[in-house]
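Keep both open as you go through the points.

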Amino acid sequence: METTSKDGYTLDHISHLHDLHLADVPAGDAPPPRCHACGLDCTRSAYQCAPCGYALHPSCARVGRAARHPAHPEHPLSLRLAPPYQSGIYTCDACRVGGHEFVLHCHHCQFDLHLPCAALPADAAVASRAHPHPLRLVYDSPHRGKQGVLVVCTVCQQGIVPEQWHYGCDRCETFAAHVGCAVPDALAKDLYPRVDMQRVRAEQEARNTAALLQQYQQMSALISAQSSMFASNTASMINAMQGLNLGARMSNENLAINFNKSGTGDEIRKREEYYKQGVFGWLHKA
Ligand SMILES: [Zn+2]
Ligand SMILES: [Zn+2]
Ligand SMILES: [Zn+2]
Ligand SMILES: [Zn+2]
Ligand SMILES: [Zn+2]
Ligand SMILES: [Zn+2]
């Protein structure tokens, strides 16, 4: 292991030429040092090389060259000091946020974790003030990939992005919590935002209304296209239908289903009525 800790306060880290020294970060007006391993601010303490302005979070500094993570049990992850991709960016498989600093990487699977995301307490017995039972880090939400589906956090009642890790309880199936709601002092908590549910609901409503209007416009266009086609082809269509005996098979109940198919003038008019009523009915309900 190239990363060695001499006395707990001094660290010889592979990422920097000089020794790093552990020190408290004073709360004050000066901007806090930025961790070179993860890009987040060091707010409490940091391993620093003051002359170079180089800093690492203690938890980021202690990540070894190779690590196992329960979210990716197949292979060990290796610590890379830069993303192993030509783009110079990786996407973290925990929070789905991009990164260009250190990464825990599986080169077989292109699996990548930010160091603070990898450091989240992950075993099945995370004690949290937010819930009486031990919590477990959930790597794969059942809603992952379903656009617009949000899990609501039991603690803060705001939305959890379904693509992101969250905390769950084995005993309470409906319990779900943001990383920051379950582990308030987690370094990574700001990478897991609370989604404003009021805004989501307002946007959903606006989208539904827009979708209904669009549906109505498409139907109107279809209706007028069919009407004009019908006017020019009336005689031949009626003849063809009678010949195939299709008219008799097309019952009134089938009018809606057969909207896109042809019919007699009377049937087309009935269909127009049916759709106009239907669409206006939805719009008034919405
Ligand atoms: Zn860090
Ligand atoms: Zn230095
Ligand atoms: Zn992450
Ligand atoms: Zn792998
Ligand atoms: Zn929450
Ligand atoms: Zn529970």
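Predicted model: local features only at pLDDT ≥ 70, side-chain atom pairs only at ≥ 80, totals over all residues.

Residues are numbered from 1 along each chain as its sequence is written, while chains are lettered from A and ligands numbered from 1 in the order in which they are written.

**The sheet**

- Four strands form an open sheet in the order S6-S7-S10-S11, with antiparallel pairing; strands (E, at least two residues) and helices (H or I, at least four) are DSSP runs numbered from the N terminus, and two strands pair if DSSP finds at least two bridges between them.
- Strands S6 (66-67) and S11 (111-113) stand at the edges with a single partner strand each, so one side of each has no neighbour in the sheet.
- S6 and S7 pair in the antiparallel sense over two bridges, and Ala 67 stands opposite Leu 77 in S7.
- S7 and S10 run antiparallel and are joined by three bridges; Arg 80 has Val 103 in S10 as its bridge partner.
- S10 (residues 103-106) pairs with S11 over three bridges, again in the antiparallel sense, with Cys 106 opposite Phe 111 in S11.

**The faces of S7**

- A residue counts as buried if 20 or more other C-beta atoms lie within 10 Å of its own, exposed if 12 or fewer, and partly exposed in between, with C-beta atoms placed from the backbone.

**Cys 60**

- Cys 60 belongs to helix H1 (residues 58-61), and it is buried because 28 other C-beta atoms lie within 10 Å.
- Leaving aside neighbours within four places in sequence, Cys 60 is in contact (C-beta atoms, placed from the backbone, within 7 Å) with Cys 35, Ala 37, Cys 38, Phe 102 and Leu 115.
- Cys 60 and Cys 35 are 25 residues apart along the chain, and their C-alpha atoms are separated by 8.2 Å.

**Pro 134**

- Pro 134 sits in strand S13 (residues 131-138) and is partly exposed, with 14 other C-beta atoms within 10 Å.
- Not counting residues up to four places away in sequence, Pro 134 touches Ala 124, Ala 125, Val 126 and Ala 127.
- From Pro 134 to Ala 124, ten residues apart in sequence, the C-alpha to C-alpha distance is 7.0 Å.

Key:
Contact = placed C-beta atoms within 7 Å.
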